[in-house]
Each structure stands twice: as C-alpha cells, then as structure tokens.
Amino acid sequence: MYKKLTALALLTAAACVGTSAQAKDLTGWFVNGGVGSAHYKASYEGVSGTESDTGFQINGGWRSQFIGFEGGYVDLGSISENDGLGDSAKLSGKGWTLGL
C-alpha cells in the first residue's frame with residue numbers, strides 16, 4: 001500500500017517539475033495546422049443523408065505578451081450526390097479566418 005502511494009507521489013512530483021520546465025517566452029510568429037473529419041448531414045424535400053470527408057486548417061500569426069493576431073484558411077472537404085437522372089448536388093465548407 002505504502003509503496004504504491006510513494007510511487008504515485010513521486011510521479012506527481014516529476015510531472016510538476018516537467019510542467020514548470022516548459023514555461024518559456026511564447027511571443028513572436030507562429031504557424032499551426034490541423035486535420036480532422038467533417039461530418040455533413042443534409043435533408044431536402046424528404047430525402048436526407050449523412051456523409052463525412054477529411055478537413056484541414058492552417059493558421060499563422062504573431063503574438064506578444066498581451067495581444068495576438070491570427071489569420072488562416074479552413075477547408076472542411078466536400079460531398080456530392082447524383083441521382084442518376086441528371087440531378088446532382090454538392091455541399092462543401094471553405095473559408096478564411098481572422099482573429100485578434
């Protein structure tokens with residue numbers, strides 16, 4: 001019992017030391033990005049469906065100690081459907097982002 005408690009206390013102390021060692025100056029330029037799954041759900045005149053596609057985002061900006069500026073682009077992928085009779089539809093999500 002005491003061995004487990006001692007091991008847990010040592011692991012907790014080591015985690016706290018590692019966290020404080022990561023504190024550093026984060027001012028300046030940065031770039032970040034992400035990839036994920038976008039889920040679409042649509043219905044029209046009694047017909048509905050759901051599909052998924054891969055989406056991504058990329059952002060860049062500058063930050064100081066008190067304020068930051070950021071801009072980026074987001075693409076949520078697209079889905080399309082064709083009924084075989086010549087009618088088709090496409091749904092997509094794309095856009096620019098701006099943040100303060």
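This passage describes the fold, the surface and selected residue contacts of a predicted model. Residues are numbered from 1 along each chain as its sequence is written, and side-chain values use heavy atoms, with hydrogens and water left out. Because the model is predicted, local features need pLDDT of at least 70 and side-chain atom pairs count only at pLDDT 80 or more, while totals for chains, interfaces and linings use all residues.

The chain contains 1 helix and 4 strands. Their order along the sequence is α-β-β-β-β. Helices (H or I, at least four residues) and strands (E, at least two) are DSSP runs, numbered from the N terminus. Helix α1 covers 2-21. Strand β1 spans residues 28-44, strand β2 spans residues 47-63, and strand β3 spans residues 68-82.

Of the 100 residues of the chain, 14% are buried. Buried means under 20% relative accessible area, exposed means over 50%, and partly exposed lies in between, with a 1.4 Å probe and protein chains only. The chain exposes about 8400 Å². Carbon and sulfur atoms supply 61% of that area. Accessible areas come from the Shrake-Rupley method with a 1.4 Å probe; for residues, only the protein chains shown count as cover. Contacts (heavy atoms within 4.5 Å) were also counted by sequence separation. Among those between residues at least 6 apart in sequence, 42% join residues at least 24 apart.

A nonpolar patch on the surface is formed by W29, W62, F66, I67, F69 and L100. Together these residues have about 820 Å² of accessible area. Patches are made of residues with over 30% relative accessible area and no salt bridge; like charges are joined within 9 Å, and nonpolar side chains (Val, Leu, Ile, Met, Phe, Trp, Tyr) within 5 Å. A salt bridge is a side-chain nitrogen of Lys or Arg within 4 Å of a carboxyl oxygen of Asp or Glu. W29 lies in strand β1. Its relative accessible area is 73%, so W29 counts as exposed. The C-alpha atom of W62 is 9.9 Å from that of L26, although the two residues are 36 apart along the chain. L26 sits in the loop between α1 and β1. With a relative accessible area of 52%, L26 is exposed.

The structure holds 2 aromatic pairs. The ring centres of F56 and Y73 are 6.2 Å apart and the planes meet at 50°, so this pair is tilted. The pair links distant parts of the chain, with F56 in strand β2 and Y73 in strand β3, 17 residues apart. Rings of Phe, Tyr and Trp (its six-membered ring) pair if their centres lie within 6.5 Å; planes under 30 degrees apart count as stacked, over 60 as edge-to-face and the rest as tilted. F56 is partly exposed at 37% relative accessible area. Y73 is also partly exposed, at 22%. Ring pairs join F56, Y73 and W96 into a cluster. Elsewhere, R63 lies over the face of F30, at 4.6 Å from the ring centre. A charge sits over a ring if NZ of Lys or CZ of Arg is within 6 Å of the ring centre and within 35 degrees of the ring normal.

N59 belongs to strand β2. Its relative accessibility is 8%, so N59 counts as buried. Not counting residues up to four places away in sequence, N59 touches F30, V31, N32, E70, G71, G72, Y73 and T97. G71 lies in strand β3 and is partly exposed, at 27% relative accessibility. Beyond four places in sequence, the contacts of G71 are I58, N59, G60, T97 and L98.

L76 is another residue of strand β3. At 40% relative accessibility, L76 is partly exposed. L76 and V35 are 41 residues apart in sequence and 9.4 Å apart, C-alpha to C-alpha. T54 lies in strand β2 and is exposed, with a relative accessible area of 52%. T54 touches V35, G36, L76 and G77, again leaving out residues up to four places away. From T54 to H39, the C-alpha distance is 8.8 Å across 15 residues in sequence.
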